[in-house]
Amino acid sequence: MGGEGAMRRRMAALTLVLCLGLSGCAWKREEKNASLLGRAAELGEELVLLTVDGREVPAWRYLYWLRRCCGRLQEQYRAAGLQLDWNAPVEGGTLADYVKDQALADTALYATVENWADLHGCTLDEEDLAALESAWTEK
């Protein structure tokens, strides 16, 4: 039974490291787009928009996820040959409301992953981050 518990802990740690690594790659790319998005939204990029379990999340991270969600939805509509209408009604509001809510959920998710990684001592060194960045840019 002890071996099974150790295996589960290792798998959980590996999952956290992977999630943290992927979010770490995304954070570097986020910073490139943050300035333009911050100016467009008239938000200071370091302004704390929300706090997730004590972790302050700056505006630029939310803006990054908002851009990603908008882009993903635009691509889906384009692929389906449909005209995108941000004011189209959907359950709970408009399509724009849906995308904002999704971006907020993604922002909170990645802040939670960072919190878990900190809690379990899962960190990436510079070599790990460089390898992940390299893998990310190859896509």
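In the predicted model, L73 touches L84, W86, L95 and V99, leaving out residues up to four places away in sequence. Contact here means heavy atoms within 4.5 Å. L73 also belongs to the largest nonpolar core. Such a core is a set of buried Ala, Val, Leu, Ile, Met, Phe, Trp, Tyr and Cys residues joined through side-chain atoms within 4.5 Å. Buried means under 20% relative accessible area, exposed over 50%, and partly exposed in between, with a 1.4 Å probe and protein chains only. The largest core has 11 residues: Y62, L63, Y64, W65, L66, C69, L73, L84, L95, V99 and A103. Helices α2 (59-80) and α3 (95-119) each supply at least two of its residues. The most come from α2, which gives 7.

This is a predicted model, in which local features need pLDDT of at least 70 and side-chain atom pairs count only at pLDDT 80 or more, while totals for chains, interfaces and linings use all residues. Residues are numbered from 1 along each chain as its sequence is written, and side-chain values use heavy atoms, with hydrogens and water left out.

The protein has 4 helices and 4 strands. Along the sequence they follow the pattern α-β-β-α-β-β-α-α. Helices (H or I, at least four residues) and strands (E, at least two) are DSSP runs, numbered from the N terminus. Of the 139 residues, 31% count as buried. The accessible surface comes to about 9100 Å². Carbon and sulfur atoms hold 56% of that surface. Areas come from the Shrake-Rupley method with a 1.4 Å probe; for residues, only the protein chains shown count as cover. Among contacts between residues at least 6 apart in sequence, 64% join residues at least 24 apart.

N115 lies in helix α3. With a relative accessible area of 15%, N115 is buried. Its neighbours within four places in sequence aside, N115 contacts V52, D53 and R55. The side chains of N115 and R55 also make a polar contact, at 2.8 Å. A polar contact is a pair of N or O atoms within 3.5 Å; within protein, one must be able to donate a hydrogen and the other to accept it, and residues adjacent in sequence count only if both atoms are side-chain atoms.

The structure holds 0 disulfides. The cut-off for a disulfide is a pair of cysteine sulfur atoms within 2.5 Å. For C70, the nearest cysteine sulfur is that of C69, 7.1 Å away. C122 counts as buried, at 6% relative accessibility.
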